[in-house]
Amino acid sequence: MSTIQRKAKIYSVMSQKGGAGKTTLAINLAVQSKLQSNNSLIIDIDPQASATMWADVRGVNNEPLVASSFAARLNNVINIARENNINEIFIDTPPHSQRDSQIAAEISDIIIIPCRPNLFDLQAIDNTIGLAKMANKPFILVFNAIHHTSSLAEEAKQAILNKYGNSINICPQMIVQRLCYVHASTNGQGVQEYEPTGKAALEIQNIYNYICGHRDTLE
């Protein structure tokens, strides 16, 4: 007798510019998903394979699972994941590859766009937002690598609101530039595991709650 599989929620972490922090966000959201009792999976379609290397350091059998794949095989990997009761999937996409990102966008439920508060990143999000709109998928912008004493993030946020209006969804929680993100990933951990009571762990928890539909718990 066949069993009905729970539909997996699929999030693509996407930016057409390198260095936006896609992999860091993807792995930490997937760790948070695991900590909240989900069966989570990272699908790494970036040729740099940073998430895959993180998984190698972490250990083969440690969750969240990481699968390396080509964009063209995303449907196959996701179908296998569903058959194995994976219910949250985070796709780490490559920069500078519109076709791969388009495939990921079309298969996703929500597109997450990390962005640093500088001119080049702000210009680059136009292309990513265009891909999301082309796929007719909701997208959420997450400001990343914010200096805690700088006003750049608020200035960047205002610039985006001036350009796109209130139709753009900006996550209220920003990611502050903290060394623990580097130390955690080097150890094959999420920041919640490396420093469970730290500020970075709370940042990721708040971002996860906002993006993954638990907005009532956003602190």
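Tyr 11 and Phe 90 are both buried in this predicted model. The two residues form an aromatic pair with a stacked arrangement, in which the ring centres lie 5.2 Å apart and the planes make an angle of 15°. A search of the whole structure finds one aromatic pair. Tyr 11 belongs to strand β1 (residues 9-13), whereas Phe 90 belongs to strand β4 (residues 88-92), so the pair ties together parts that are 79 residues apart in sequence.

Among contacts in the protein chain with a separation of 6 or more, 76% are accounted for by residues 24 or more positions apart.

The protein chain contains nine helices and seven strands. Its radius of gyration is 16 Å, close to the 17 Å that the globule rule gives for 219 residues, and the chain is therefore as compact as a globular protein of that length. The C-alpha trace spans about 55 × 40 × 35 Å along its principal axes.

Burial and surface composition were considered next. Of the 219 residues, 52% count as buried. The accessible surface of the protein chain amounts to about 10,700 Å², and carbon and sulfur atoms contribute 50% of this area. With regard to charge, the protein chain carries 18 positive and 19 negative side chains. The centres of these two sets are separated by 4 Å.

Definitions and conventions. Residues are numbered from 1 along each chain as its sequence is written. This is a predicted model: local features need pLDDT of at least 70, side-chain atom pairs count only at pLDDT 80 or more; totals for chains, interfaces and linings use all residues. Side-chain values use heavy atoms; hydrogens and water are left out. Helices (H or I, at least four residues) and strands (E, at least two) are DSSP runs, numbered from the N terminus. The radius of gyration is taken over C-alpha atoms; the globule rule is 2.2 Å times the number of residues to the power 0.38. Buried means under 20% relative accessible area, exposed over 50%, partly exposed in between (1.4 Å probe, protein chains only). Contact means heavy atoms within 4.5 Å. Accessible areas come from the Shrake-Rupley method with a 1.4 Å probe; for residues, only the protein chains shown count as cover. Lys and Arg count as positive and Asp and Glu as negative; His and the chain ends are not counted. The place of a charge is taken as NZ of Lys, CZ of Arg, CG of Asp or CD of Glu. Rings of Phe, Tyr and Trp (its six-membered ring) pair if their centres lie within 6.5 Å; planes under 30 degrees apart count as stacked, over 60 as edge-to-face and the rest as tilted.
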